[in-house]
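Hello,

Here is the structure I promised to pass on. Please open it first, then read the notes below with the view beside you.

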Number of protein chains: 2
Amino acid sequence: MSGYLRETSQRRVILEELGKLTSHPTANEIYEIVRMRLPRISLGTVYRNLELLSESGLIQKLEMAGKQKRFDGTIENHYHIRCIRCGRVDDLKLPAMKSIDGTATIVSDYEVLWHKLEFGGLCPECSAQRSRKGKVEILEIKRNTIGRKD
Amino acid sequence: MSGYLRETSQRRVILEELGKLTSHPTANEIYEIVRMRLPRISLGTVYRNLELLSESGLIQKLEMAGKQKRFDGTIENHYHIRCIRCGRVDDLKLPAMKSIDGTATIVSDYEVLWHKLEFGGLCPECSAQRSRKGKVEILEIKRNTIGRKD
DNA sequence: ATACGTAATGGTAACTATTACTAGTTAATG
DNA sequence: CATTAACTAGTAATAGTTACCATTACGTAT
């Protein structure tokens with residue numbers, strides 16, 4: 001009685017297009033892509049389907065710190081890395097740490113159920129750009145503490 | 001020339017109140033607390049100061065996956081755990097994994113600069129509540145895959 | 001002290017990402 | 001086919017946060 005997912009053209013195309021991508025598009029990016037095949041699709045439909053598809057385990061929803069959600073056509077468990085400069089997100093070939101939830105349970109009062117591990121850094125392109133034009137302001141913040149002058 | 005932080009009463013009170021708390025309040029919670037001492041302070045001022053104070057390293061900004069930002073009066077590096085039921089955030093007594101950024105750099109093309117590790121689970125209160133009333137719906141999602149009935 | 005430059009403020013509007021609503025449409029089943 | 005509940009497009013609403021701007025006030029120099 002809890003309902004099931006029907007196969008609509010909108011849903012199928014979203015799933016197909018997401019499957020083609022190795023990137024980790026945002027809802028809006030998926031919307032733009034799908035719109036080329038279904039020009040009348042609504043953004044809300046894309047959001048709703050991404051939500052339902054991730055709930056049903058057909059795709060993966062990535063909720064990265066302080067950023068908009070991204071979606072991953074693959075289901076297998078893996079960590080991600082985000083470029084702090086251009087914002088692209090890549091998979092990381094690092095095995096999931098299975099025991100760490102148990103460790104966290106031991107050192108806390110919580111019943112730990114999951115963990116999210118996210119890396120930040122510079123992608124090859126941005127890294128190369130950075131060394132070309134010298135140190136970049138991103139990495140250092142030049143504010144002083146209260147009461148001090150610069 | 002890059003500017004410095006003046007000591008305003010608003011900024012001082014925000015910092016003081018945040019220092020009193022062991023919780024990890026949201027901007028709005030801080031706003032409500034500070035408002036008891038400075039009734040005319042604006043929410044924008046709170047946001048701006050939390051941003052500047054965290055930039056200057058006097059406080060810590062926690063950007064947890066898919067949730068609103070929270071702020072931490074202590075600077076020391078540590079991981080956090082969030083209750084998936086009531087939303088409270090606690091510190092975790094787990095030493096920061098220092099070598100993992102290097103590991104990630106090796107297995108990727110990125111120049112890895114930092115990582116965020118965040119745990120989810122049930123806090124003692126919610127855990128007790130859960131066992132009292134049996135399994136909770138949060139943990140299982142009962143959607144079926146496309147084309148299948150339930 | 002007084003004046004000056006600029007950071008900071010309060011109030012509000014704007015913005016972004018996402019969710020909710022609703023009347024009409026359509027896929028799956030008998 | 002007929003039924004019905006899931007789904008859709010379009011739009012409004014929401015939450016959290018940032019941007020703007022005229023005015024205020026902090027820190028420094030006179």
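A polar contact is a pair of N or O atoms within 3.5 Å. Keep that cut-off in mind for the DNA contacts below. Please also remember that this is a predicted model.

**DNA strand C**

Start with B:Arg48. One of its polar side-chain atoms lies 2.5 Å from a phosphate oxygen of DNA strand C. That pair counts as a polar contact, because the limit is 3.5 Å. B:Arg11 also reaches a phosphate oxygen of DNA strand C, with a polar side-chain atom 2.7 Å away.

H3(B) supplies the largest share, with three residues.

Now look at the whole neighbourhood. There are 19 residues around DNA strand C. The nearest are A:Tyr47, B:Arg11, B:Arg40, B:Thr45 and B:Arg48. Of the atoms of DNA strand C that come within 4 Å of the protein, 76% are in sugar and phosphate. By class, the surface near DNA strand C has seven charged, six polar and six nonpolar residues.

**DNA strand D**

Next, turn to the other strand in these notes. Around DNA strand D there are 20 residues. A:Arg11, A:Arg40, A:Thr45, A:Arg48 and B:Tyr47 come nearest. Sugar or phosphate holds 75% of the atoms of DNA strand D within 4 Å of the protein. The rest of those atoms belong to bases.

- A:Arg11: an N or O atom of the side chain is 2.6 Å from a phosphate oxygen of DNA strand D.
- B:Tyr47: its side chain also has an N or O atom 2.6 Å from a phosphate oxygen of DNA strand D.
- A:Ser42: here a backbone N or O atom is involved, 3.2 Å from a phosphate oxygen of DNA strand D.

H3(A) gives the most, with three residues. The surface near DNA strand D has eight charged residues, six polar and six nonpolar.

**Two helices of chain A**

H3(A) also packs against helix H2 (residues 27-35) of chain A. Their axes are 9 Å apart, at an angle of about 120°. H2(A) and H3(A) are therefore oblique to each other. The crossing of H2(A) past H3(A) is right-handed.

**The sheet**

How many strands does the open sheet have, and in what order? It has six, in the order E4(A)-E3(A)-E5(A)-E5(B)-E3(B)-E4(B), and the pairing is mixed. Strand E4 (89-92) of chain A and strand E4 (89-92) of chain B stand at the edges. Each has a single partner strand, so one side of each has no neighbour in the sheet. From one strand to the next, the twist averages 30°.

Walk across it from chain A. Strand E3 (residues 79-83) of chain A pairs with strand E5 (residues 111-122) of chain A in the parallel sense, over four bridges. A:Arg82 has A:Gly120 in E5(A) as its bridge partner.

Then comes the step between chains. E5(A) and strand E5 (residues 111-122) of chain B pair in the antiparallel sense, over eleven bridges. To see this pairing, find A:Trp114, whose bridge partner in E5(B) is B:Gly120.

Strand E3 (residues 79-83) of chain B pairs with E5(B) in the parallel sense, over four bridges. B:Ile81 has B:Phe119 in E5(B) as its bridge partner. E3(B) also pairs with E4(B), in the antiparallel sense and again over four bridges. There, B:Tyr79 is bridged to B:Leu92 in E4(B).

Finish at the turn. E3(B) and E4(B) form a hairpin, with five residues between them. B:Gly87 lies in that turn and has a positive phi of about 90°.

Best wishes

Key. Residues are numbered from 1 along each chain as its sequence is written. Chains are lettered from A and ligands numbered from 1 in the order in which they are written. This is a predicted model: local features need pLDDT of at least 70, side-chain atom pairs count only at pLDDT 80 or more; totals for chains, interfaces and linings use all residues. Side-chain values use heavy atoms; hydrogens and water are left out. A residue is near a molecule or strand if one of its heavy atoms lies within 4 Å of it. A polar contact is a pair of N or O atoms within 3.5 Å; within protein, one must be able to donate a hydrogen and the other to accept it, and residues adjacent in sequence count only if both atoms are side-chain atoms. Ala, Val, Leu, Ile, Met, Phe, Trp, Tyr, Cys and Pro count as nonpolar, Asp, Glu, Lys and Arg as charged, and the others, Gly among them, as polar. Two strands pair if DSSP finds at least two bridges between them. Axes are lines fitted to C-alpha atoms, for helices over the stretch in contact, and angles run from 0 to 180 degrees between N-to-C directions. Angles under 35 degrees count as roughly parallel, over 145 as roughly antiparallel, 65 to 115 as roughly perpendicular and the rest as oblique. A crossing is left-handed if the near helix is turned anticlockwise from the far one by less than a right angle, and right-handed if clockwise.
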